[in-house]
Amino acid sequence: MIRKTLPVLISAILATSVFASANALADVSLEIEGLDGALQDNVDAYLSAIPEEEYSLSLRFQSRIESIINEALNALGYYHPVVDFTSADDGSELLVVVDIGEPMLIHTADIVISGEAENDPDFLALVARTKLTQGSVLNHSDYDSLKSAIRNLALAKGYFDGSYLVSRLEVVPDLNRAYVRLHYDSGIRYHFGKTNVIGSQIEEDRVESLRPFEDNEPYLVSKVGEYNSNLSNTDWFSSVFVEPDLEYLGKGREIPMKVSLSPQSKNQLETGIGFSTDVGVKGTLKWKKPWLNQYGHSFNSSLSISKPEQTVVASYKIPLEDVLNEYYQIQYGMKNLDNRDTKSLESNLALERHWRLESGWHRTVFIRYLLENYEQGLQSDVGQFLLPGVSFSRTRSRGGSMPMWGDKQSITMEIGDDTLLSETRVFRVQGRTTWIRGIGENHRGLARLEGGANVAEDFDALSPSLRFFAGGDNSIRGYGYESISPKDSSGALTGAKFTASSTLEYQYRVYGNWWGAMFVDVGDAFNNTPEWKKGTGVGVRWASPVGPISLDFAWGLDATPGNEFQVHFTLGPEL
């Protein structure tokens, strides 16, 4: 028997305590073996709650780690893990070896939907997709997800009285068996009842026309969201709130809808400043009246000023029965342009009829009157044109300001005749298409095609705004803004009968919202035979909070010597 005096014993205890404390504060790394995939991810997620400075070799810490690993593995159906600990000789690492053991299997999956949802195809599909099937490994999150999904689907489809008769997950570790029991009684499915609108300054028929559902139609929350979105998109209201009146639950199958609205302010002002290498610094002022009367008429105007051009536009919009998709618009615009060899003061007055087609295309039939006082190279004149026409456009995208999938197409055709207020007989067509496609998260491609044609009896009678010029930020990079066109005997630009251009661009995500780009542009503005101008370069793209910003360094491969290099900067959407 070994005996120690009291002072010696106290000294030994203090020494042991000091060693344990020092060991607890030492830098210790944690290594776990025996796990992979979802098991490893779940254990890592659970362990992330422990700060690394708390790692130690103490038995208390090991017990804590074992408890956390057991909890993480239990959630994925492994109730019998064996956890062993080994520490490095120098005390720098704690190795945890896990044997997950046999999984917990689902012995019984008793999932029953009763009530009017018993034969609802959405509920049948939801139950059919579940991973909670006999013989599969238990995953607690699958149980929780299905339980929540059933309840959420019931609320989305108007089964407001639904409730669980049985919701139980039983686990028998000794038998490695789990028993899932979910019995949901949906009750009746409510239908849309009378819609009550309060707070609207617009006549009720206009508001009702935006409703995507009929009275006594089965309730669907997506239709409620669509109605809310439709009302918001009119810009008539500062706040919109659409909801079912739940006070009527249990008082019949129909449930009234409450629509609470607040009028938008009658006057809105907006100012802005921007920059592009095409026009330099550009300032804008917009004055908007979202609604003028109870019929929802609206007025918009804008003033835009840059060094080469100044523009004023005003429009009056008259919505029709299909408020969002069909309307008349009267628009007047005046533009003063002094750019290169073009000096022009033009006025446009247009009457337009707009439709949104079921295919998603926006169709506009219009007639516009153009009056333009101009100097184009050696030519000086005043031209007027009455141009009826039609245009089609469509934009589709998935994603944010720089989508990984999207496209935009537009085509406009108009005609003028010298017997009807036009200087010459002319048929004009312009078209443009842009495509964006992404691969994975880091690769994007952009392709663009653009073309236009003037078929005129007397091309020289066309005003400059009806002729074609190429080059610039959104045309053929590596060349100045509208610097490409045929020239007269003095060497001044005249504008062209035809134009065609194309772009191929590859973008790679460098970091976060920053992308690098490489591109090739090819095109020309010409009268007879094109002499293709090529531009190539590299650039930077930033998906900024205010929209995509592009900075390009471009070389015009066929540019005039001394003007081969151009810097292009733009702020605005790619589509």
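This is a predicted model: local features need pLDDT of at least 70, side-chain atom pairs count only at pLDDT 80 or more; totals for chains, interfaces and linings use all residues.
## Two packed helices

Two packed helices are described by the angle between their axes and the distance between the axes. Here the pair is helix 4, residues 121–129, and helix 5, residues 140–156. Their axes stand 11 Å apart. The packing angle is about 170°. Angles over 145 degrees count as roughly antiparallel, and helix 4 and helix 5 are therefore roughly antiparallel to each other.

Helix 4 brings Asp 122, Phe 123 and Leu 126 to the contact. Helix 5 brings Leu 146, Ala 149, Ile 150, Leu 153 and Ala 154. By class, seven of the residues in this contact are nonpolar and one is charged. No polar residue takes part.

The whole structure holds 31 salt bridges. One of them joins the side chains of Asp 122 and Lys 157. The N to O distance is 2.6 Å.

Asp 122 belongs to helix 4, while Lys 157 sits in the loop between helix 5 and strand 5 (163–172), so the pair ties together parts that are 35 residues apart in sequence.

Rolling a probe the size of a water molecule over the atoms shows where empty space is left. The search finds one cavity of 30 Å³ or more. The largest cavity has a volume of about 30 Å³.

Its lining is made up of Asn 339, Arg 340, Asp 341, Thr 342, Gln 376, Phe 469, Glu 482 and Leu 493. Three of these lining residues are charged, three are polar and two are nonpolar.

## The second largest pocket

The second largest pocket has about 320 Å³ of volume. Its lining counts 17 residues. Tyr 479, Ser 483, Ile 484, Lys 487 and Thr 560 lie nearest the centre of this pocket.

## Thr 395 and its surroundings

Thr 395 is part of strand 17, which covers residues 379–398. Which residues does Thr 395 contact, leaving aside its neighbours within four places in sequence? They are Asp 407, Lys 408 and Leu 575.

Trp 361 can also be placed relative to Thr 395. The two are 34 residues apart in sequence. In space, 8.1 Å separates them, C-alpha to C-alpha.

Methods. Residues are numbered from 1 along each chain as its sequence is written. Side-chain values use heavy atoms; hydrogens and water are left out. Axes are lines fitted to C-alpha atoms, for helices over the stretch in contact, and angles run from 0 to 180 degrees between N-to-C directions. Helices (H or I, at least four residues) and strands (E, at least two) are DSSP runs, numbered from the N terminus. Angles under 35 degrees count as roughly parallel, over 145 as roughly antiparallel, 65 to 115 as roughly perpendicular and the rest as oblique. Contact means heavy atoms within 4.5 Å. Ala, Val, Leu, Ile, Met, Phe, Trp, Tyr, Cys and Pro count as nonpolar, Asp, Glu, Lys and Arg as charged, and the others, Gly among them, as polar. On a 1 Å grid over the protein atoms alone, a cavity is a set of points where a 1.4 Å probe fits but cannot get out, and a pocket is an open set with protein on both sides within 12 Å along at least five of seven lines; lining residues have an atom within 4 Å of a point. Grid points are joined across faces, edges and corners, and a volume is the space filled by probe spheres set on the points. A salt bridge is a side-chain nitrogen of Lys or Arg within 4 Å of a carboxyl oxygen of Asp or Glu.
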